[in-house]
Amino acid sequence: MYSIETRCIHGEGHTLSDANCAVSFPIYQTACFSHLTPGHNPSGFDYSRESNPTRKFLEETVSSLEGAYDTVAFASGMAAISAFFDCFRPGDHILCGEDLYGGVVRLIDQIESKNDYRIEYVDTTDPAKVAAAIRPDTKAVYLETPSNPMMRVSDIRAIAEIAHRNGAVLAVDNTFMTPYFQNPIAEGADFVIHSGTKYLSGHNDTVCGFLCSKSPEAAARIRLLSKTTGATLGPFECWLCLRGMKTLALRMERHKSNAETVRDWLRGREEVDQIYYAGSGMISFSVKSAEKALSILRNVKLITFSESLGGTESLLTYPSLQTHPDVPAEQKERLGITDRLLRMSVGIEDPRDILGDLEQAFTAE
Ligand SMILES: Cc1ncc(COP(=O)(O)O)c(C=O)c1O
């Protein structure tokens with residue numbers, strides 16, 4: 001098998017199967033495919049909600065990078081996460097990491113609540129706490145590592161073992177690390193989730209998501225869900241993500257080295273209170289007052305005050321208002337998601353320009 005750098009560019013290889021030998025995989029911008037006679041469609045494709053060649057190539061490439069049996073590309077990371085939560089039944093107990101992207105907390109608290117799941121938040125950074133919280137009726141453990149925005153790290157291998165011993169599955173959101181830095185399935189996870197909007201697409205121009213499954217049985221369930229509920233990814237977005245992923249390896253190296261440069265710079269600033277960094281290109285840090293946090297957000301020029309992450313452009317986010325407004329106040333306080341916390345997605349610009357912009361934003365009033 002080729003290395004991950006090569007598979008980001010070629011996937012498992014498509015040129016032999018493309019009739020016109022296109023080097024860049026074509027965008028099959030079609031809703032439907034022709035049949036010769038009833039039951040005979042030579043391409044194997046019927047209707048693009050269910051499957052489409054561009055999406056198939058993207059899904060196969062992500063499966064290859066994550067070591068998954070199958071991957072479904074969704075219209076957003078949240079659509080992929082909703083599909084995962086749709087796999088359960090009323091009364092099922094699900095353990096969730098306590099520091100999650102705020103949209104997932106909103107999904108659990110405001111949408112999935114109608115399904116009468118027994119959802120419990122647990123500190124997954126300590127496997128002993130997961131072992132203590134798991135029950136005979138626990139069907140899944142769901143976590144982010146590192147988590148958004150506090151960069152808390154969980155031991156995938158240890159938690160997979162606890163989950164499996166109790167007949168539950170483990171789902172890991174791998175958005176922050178990407179398969180370039182972390183392979184949850186190789187460490188025992190059963191599902192991997194991505195907001196493909198972030199590092200996989202990588203250019204702040206596409207919204208997409210992935211749900212990768214390790215087992216054929218789980219894959220069949222997710223395929224049934226995706227073709228029936230229909231939040232699958234359009235051909236053009238599939239192509240944008242394929243194009244973005246070609247440079248994933250290069251970008252991740254640069255995101256990481258730029259983030260380490262920013263972390264080292266933050267360590268020398270008296271305005272900074274705490275720094276949270278766990279690898280990759282993401283850093284959260286708190287400053288000594290909410291006024292300072294707001295002033296930095298007002299004064300950045302090259303760095304954009306914006307809500308996403310994982311793209312070529314450096315972005316600065318205010319989690320308490322932007323990504324986590326629907327997380328209950330006491331949960332935010334306990335986790336450290338205060339009005340003094342900033343989250344930075346360090347882009348791939350020249351690090352001197354990033355530091356120059358931070359320097360002027362920190363000193364401006
Ligand atoms: C870790 C994580 N998972 C999932 C999502 C949701 O993905 P999307 O915005 O593509 O729906 C986000 C969004 O910020 C995220 O940060």
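1. Confidence in this predicted model is given as pLDDT, the predictor's confidence in each residue on a scale from 0 to 100. The protein chain has a mean pLDDT of 96, with 99% of its residues at 70 or more. Helices (H or I, at least four residues) and strands (E, at least two) are DSSP runs numbered from the N terminus; on that basis, the lowest confidence falls in helix α12 (residues 329–335), with a mean of 89, and the highest in strand β7 (residues 209–213), at 99.

2. Two conventions apply throughout. Residue numbers start from 1 along each chain as its sequence is written. Because the model is predicted, local features need pLDDT of at least 70 and side-chain atom pairs count only at pLDDT 80 or more, whereas totals for chains, interfaces and linings use all residues.

3. By an automatic or database domain assignment, the protein chain is divided into domain 1 (4–245) and domain 2 (248–363). The centres of the two domains, taken over C-alpha atoms, are separated by 27 Å. Their contact takes 27 residues from domain 1 and 28 residues from domain 2, where two residues are in contact if their C-beta atoms, placed from the backbone, lie within 7 Å. On the side of domain 1 that touches domain 2, the elements giving two or more residues are α1 (4–10), α4 and α7 (178–181).

4. A nonpolar core is here a set of buried Ala, Val, Leu, Ile, Met, Phe, Trp, Tyr and Cys residues joined through C-beta atoms within 7 Å; a residue is buried if 20 or more other C-beta atoms lie within 10 Å of its own, exposed if 12 or fewer, and partly exposed in between, with C-beta atoms placed from the backbone. The largest such core has 95 residues, of which Phe74, Val141, Ala171, Phe191 and Leu211 touch the most other members. Helix α3 (residues 77–85) gives the most to this core, with seven residues. The core lies between domain 1 (4–245) and domain 2 (248–363), because both give residues to it. Beyond its neighbours within four places in sequence, Phe74 has contacts that include Ala79, Ala83, Phe210, Leu211 and Leu233.

5. Four of the five residues of strand β2 (residues 93–97) are buried. Strands count as paired if DSSP finds at least two bridges between them: β2 runs parallel to strand β3 (residues 118–122), joined by five bridges, and parallel to strand β4 (residues 138–144), joined by four. Gly97 stands opposite Val122 in β3, and Leu95 stands opposite Val141 in β4.

6. Strand β8 runs antiparallel to strand β9 (residues 282–287), with five bridges joining them, and Tyr277 has Ile283 in β9 as its bridge partner.

7. Some backbone geometry deserves a look, as most residues other than glycine have a negative phi, and most peptide bonds are trans. The peptide bond from Thr145 to Pro146 is cis, with omega near -5°, and another cis bond joins Asn148 and Pro149, with omega about 10°.

8. Asp116, although not a glycine, has a positive phi of about 60°; Asp116 counts as exposed, with 12 C-beta neighbours inside 10 Å.
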